[in-house]
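The following exercises are to be worked with the sequence and the coordinates at hand. Each task is followed by a solution in steps.

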Amino acid sequence: MIAYNHGTIPLIEGGVLPNIMTSCAALIVARLGSSRLPAKHLIKIQDKTMIEHLINRVRKAKLIEKIVLCTSTRPEDQALVEVAERAGILHFQGSEHNLLHRFLGAALHFGVKFSVIVEADEVFCDWKLMDAIIERGRRSVADYIAVRGVPIGSYLHGIRTSVLEQVSPLLDDSWATDGWERYITSTEFFSFKIEELEVNDEIFALPSVRLTLDWPDDLALIREIFARLYVPGEVFTLREVMALLHREPQLLEFNRHLIKAYDIHMATWPGLRFKQKKKSS
């Protein structure tokens, strides 16, 4: 169940809502330039690469109209384009460092009005939450929707292209935009309508859970999870991952120490900056 501001409604199990909001896409954001775990998205677990496992998760969403792998124009990232082509999904190559520019370029290229941002590090994101973000976007006038109440490694964001069109021109293409959502949620220069989609479920309330893919010890935990849950041809749910970690909490020791390390890493992110200060109407 997901708790909305106006009450609690079930996650979507099937069917498609009336086409109130057209052109919804999932933008899978990935590049191979990580220094902490090089080429991590092409690391193979069981019978597929990490990015292929993620594509299969996104494919299970019922309200996603297009799946776009968003990578950079660096030559090394051509390997990700080849994965997208083999998988039969769309791809877009844009700014290496400025994610907001890359999102906007992909959205405009494919005529997308609303995007669910799926960062490739979030390897256990849940397709039902993708559908819930789109449903929320159709029922509200939110500019940006963030999922709350799930562990790192399953975060998702919903954003309208109109927001990217306002923010992106004020940023230089060479600027790194780590923590890109800060430009939408934590700045005095814009007045976007921000909403949170809160997941209220005790199974996700497990302390010290880190499911994202940043460092080798994160990969070690992910391998253990796949070893226990993966069945070829099937996709296990985030709920199954959390149930496993409740049963075997010792697995969390693989990367518990990285929680603090990541907090230190976030402190190195560049501050927000704009070419000009312009308050949105």
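A residue is called buried under 20% relative accessible area, exposed over 50% and partly exposed in between, with a 1.4 Å probe and protein chains only. The model is predicted: local features need pLDDT of at least 70, side-chain atom pairs count only at pLDDT 80 or more, and totals for chains, interfaces and linings use all residues. Residues are numbered from 1 along each chain as its sequence is written, and side-chain values use heavy atoms, with hydrogens and water left out.

**Exercise 1. Describe the aromatic pair formed by Phe 189 and Phe 274.**

Step 1. Apply the criterion: rings of Phe, Tyr and Trp (its six-membered ring) pair if their centres lie within 6.5 Å, and planes under 30 degrees apart count as stacked, over 60 as edge-to-face and the rest as tilted. The structure holds eleven such pairs.

Step 2. Classify the pair. Phe 189 and Phe 274 are edge-to-face, at 4.8 Å centre to centre and with 90° between the planes.

Step 3. Locate the partners. Helices (H or I, at least four residues) and strands (E, at least two) are DSSP runs, numbered from the N terminus. Phe 189 belongs to the loop between helix 6 (182-185) and strand 11 (194-199), and Phe 274 to the segment after helix 9 (258-266), so the pair ties together parts 85 residues apart in sequence.

Step 4. Check the accessibility. Phe 189 is buried at a relative accessible area of 15%, and Phe 274 is buried at 14%.

Step 5. Phe 190 and Phe 192 form a stacked pair, 5.0 Å centre to centre with 10° between the planes; both residues are buried. Ring pairs join Tyr 183, Phe 189, Phe 190, Phe 192 and Phe 274 into a cluster.

**Exercise 2. Determine on which side of helix 2 its buried residues lie, and what covers them.**

Step 1. List the buried residues. In helix 2 (residues 78-87) they are Leu 80, Val 81, Val 83, Ala 84 and Ala 87.

Step 2. Examine the arc, taken from the directions from the helix axis to the C-beta atoms. These residues cover an arc of only 155° around the axis, and therefore lie on the same side of helix 2.

Step 3. Identify the cover, with contact meaning heavy atoms within 4.5 Å. It includes helix 1 (50-59), strand 6 (66-72) and strand 7 (90-94).

Step 4. Inspect the end. Just after helix 2, Gly 88 takes a positive phi of about 80°.

**Exercise 3. How many disulfides does the model contain?**

Step 1. State the rule: a disulfide is a pair of cysteine sulfur atoms within 2.5 Å. By this rule the count is zero.

Step 2. Verify with Cys 24. Cys 24 is buried, with a relative accessible area of 1%.

Step 3. Verify with Cys 70. The nearest cysteine sulfur to Cys 70 is that of Cys 125, 14 Å away. Cys 70 is likewise buried, at 0% relative accessibility.
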